[in-house]
Amino acid sequence: MADATFEYDFFVSRRGTVAAVAQEVADVLEAEGFKVVVQDYDTEHGGNFKLFIHDALVKARDLIVLHTADYDTNHWTREEFGNFPAGRRVGVLRCDAADPRGLLQNVVYGDLHGVADLDARRRIILDVAHGRAPALRGQPRIFGGPTMPLENPQFTGRETQLT
């Protein structure tokens, strides 16, 4: 499954409190034959963290963001996401009640928050890994089905025309 030009299929980017979720995601993906790099388990003790992140960004084909309320306000996770090369896929797994914002807002994501069933969590993780849109995210769409963009709460007026 690994692309010949990349050492890893996925780099798992996370902040603080979701180290256990990072391990879960890595375990699910590795069980499917993917190669995964995770900061918690793949950095050398005493190694240079910035160079580890650099290497992970260069060597991973795709990025999986474990989104939490503090993900997009932390310097290091912003660096990881902001410097991931264009043209490669970013997947998001929502890990708490915070909705992705900014550039991550319209990335199709899987919602792990509140999901306790291990089979359901595995399916959500694999859906994101394969780039499949989850069936429902519980948020309004502009129109159409679950693959359509989210409704933009900043866009107001023109209700008559849109109807």
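Which ring does the charged end of Arg61 sit over? Select Arg61 and Phe10: the charged end of Arg61 sits over the ring of Phe10, 5.4 Å from its centre. Here a charge sits over a ring if NZ of Lys or CZ of Arg is within 6 Å of the ring centre and within 35 degrees of the ring normal. Then select Arg88, whose charged end sits over the ring of Phe84, 5.2 Å from the centre of that ring.

Before moving on, note that this is a predicted model, in which local features need pLDDT of at least 70 and side-chain atom pairs count only at pLDDT 80 or more, while totals for chains, interfaces and linings use all residues. Residues are numbered from 1 along each chain as its sequence is written, and side-chain values use heavy atoms, with hydrogens and water left out.

**The sheet**

Now colour the strands (DSSP runs of E, at least two residues; helices are runs of H or I, at least four, and both are numbered from the N terminus). You will find 5 strands in an open sheet, ordered E2-E1-E3-E4-E5, with parallel pairing. Two strands pair if DSSP finds at least two bridges between them. At the edges are strand E2 (36-38) and strand E5 (109-111), each pairing on one side only.

Zoom in on strand E1 (residues 8-13) and strand E3 (residues 60-67), which pair in the parallel sense over 5 bridges. Val12 stands opposite Ile64 in E3.

**Helix H4**

Next, select helix H4 (residues 75-82). Thr77, Glu80 and Phe81 are buried there (under 20% relative accessible area; exposed is over 50%, partly exposed in between, with a 1.4 Å probe and protein chains only). Seen down the axis of H4, the buried residues fall within an arc of 90°, so they line one face of the helix; the arc is that of the directions from the helix axis to the C-beta atoms. On the other side of H4, select Arg78 and Gly82, which are exposed.

**The aromatic stop**

Finally, show Phe49, Phe52 and Trp76, which form one aromatic cluster. Rings of Phe, Tyr and Trp (its six-membered ring) pair if their centres lie within 6.5 Å; planes under 30 degrees apart count as stacked, over 60 as edge-to-face and the rest as tilted. The whole structure holds 3 aromatic pairs. Phe49 and Trp76 form an edge-to-face pair, 6.0 Å centre to centre with 85° between the planes. This pair links Phe49 in helix H3 (residues 49-59) to Trp76 in H4, 27 residues apart.
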